[in-house]
Amino acid sequence: MRPFQRLIILFLLLLLPQSGLAGDALFLNPNQVDLSRLLAPPPAIGSPVQLREMAELLALQQTRTPTQVAFAQADAERSVFRFADVIGEKFTPENCPVTADFFKKVAHSASAVVDPAKDHWNRTRPYVTNPALDPCVRKPHGPSYPSGHATFGTVTAIVLANMFPEKAAAIFTRAAEYRLNREIGGVHYPSDVEAGYLAGTVIAAFELDNPAFQLEFAQAKTEARRVLGLP
């Protein structure tokens with residue numbers, strides 16, 4: 001092949017979509033999952049559904065205990081190791097560095113899909129709509145729908161359940177607690193959390209089918225199960 005032909009081929013390659021380069025940090029292409037076409041719009045302010053949801057949040061605020069407050073505050077952290085209470089006490093970032101790095105990529109991939117959806121609907125946080133609502137967790141600054149924490153908790157639980165199928169029931173129960181803590185914390189409507197659950201399930205389905213994900217999943221699974229003494 002002549003030098004000028006090589007230059008032409010190189011030039012044409014540079015014109016191709018660079019998904020294999022820019023997308024290496026993600027386990028899915030965000031363009032594959034447009035949540036604005038998959039999820040129903042959030043209930044409008046003043047609608048019967050929104051008013052009912054606000055009443056539910058105010059009831060949770062009135063009845064939440066100090067233990068529930070502390071739990072919600074701890075679950076404000078987006079970390080796979082919040083599931084250590086059902087996975088095992090040895091499940092820590094120090095013991096599982098490969099797993100920790102893998103789940104950071106899982107979370108980053110989920111955020112790449114959820115953030116555009118939040119911007120699309122731009123739903124006001126419930127405590128902004130009603131000053132009587134006093135969150136017990138740090139107030140997020142971004143839009144409310146769908147819940148990023150609920151999405152993260154759902155994706156993480158699905159991946160963990162595939163990593164530890166013998167613990168799947170406990171993992172999914174823990175994920176439900178993680179999602180509910182956003183309501184107890186007073187920073188999300190129930191419909192935000194439900195949308196996060198649906199979004200997380202869809203995102204996980206795409207991630208599980210991704211070859212890059214599968215490779216790193218296998219490495220993380222081997223490490224985590226070895227640390228926990230599982231075959």
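C136 is buried (under 20% relative accessible area, against over 50% for exposed and in between for partly exposed, with a 1.4 Å probe and protein chains only), its relative accessible area being 14%. C96 is likewise buried, at 0%. Zero disulfides (pairs of cysteine sulfur atoms within 2.5 Å) are present in the structure.

The model is predicted, with local features requiring pLDDT of at least 70 and side-chain atom pairs pLDDT 80 or more, whereas totals for chains, interfaces and linings use all residues. Residues are numbered from 1 along each chain as its sequence is written, and side-chain values use heavy atoms, without hydrogens and water.

Buried residues of α10 include P190, V193, A199, I203 and E207. Among the elements covering the buried residues of α10 are α3 (48-63), α6 (97-121) and α11 (211-227), together with α8 (148-163) and α9 (168-184).

The axes of α8 and α9 (lines fitted to C-alpha atoms over the stretch in contact, with angles from 0 to 180 degrees between N-to-C directions) come within 9 Å and cross at roughly 175°. The two helices are therefore roughly antiparallel (an angle over 145 degrees). Their contact (heavy atoms within 4.5 Å) involves, among others, F152, I158 and L160 of α8 and I171, F172 and Y178 of α9.

Note on methods
Helices (H or I, at least four residues) and strands (E, at least two) are DSSP runs, numbered from the N terminus. Angles under 35 degrees count as roughly parallel, over 145 as roughly antiparallel, 65 to 115 as roughly perpendicular and the rest as oblique.
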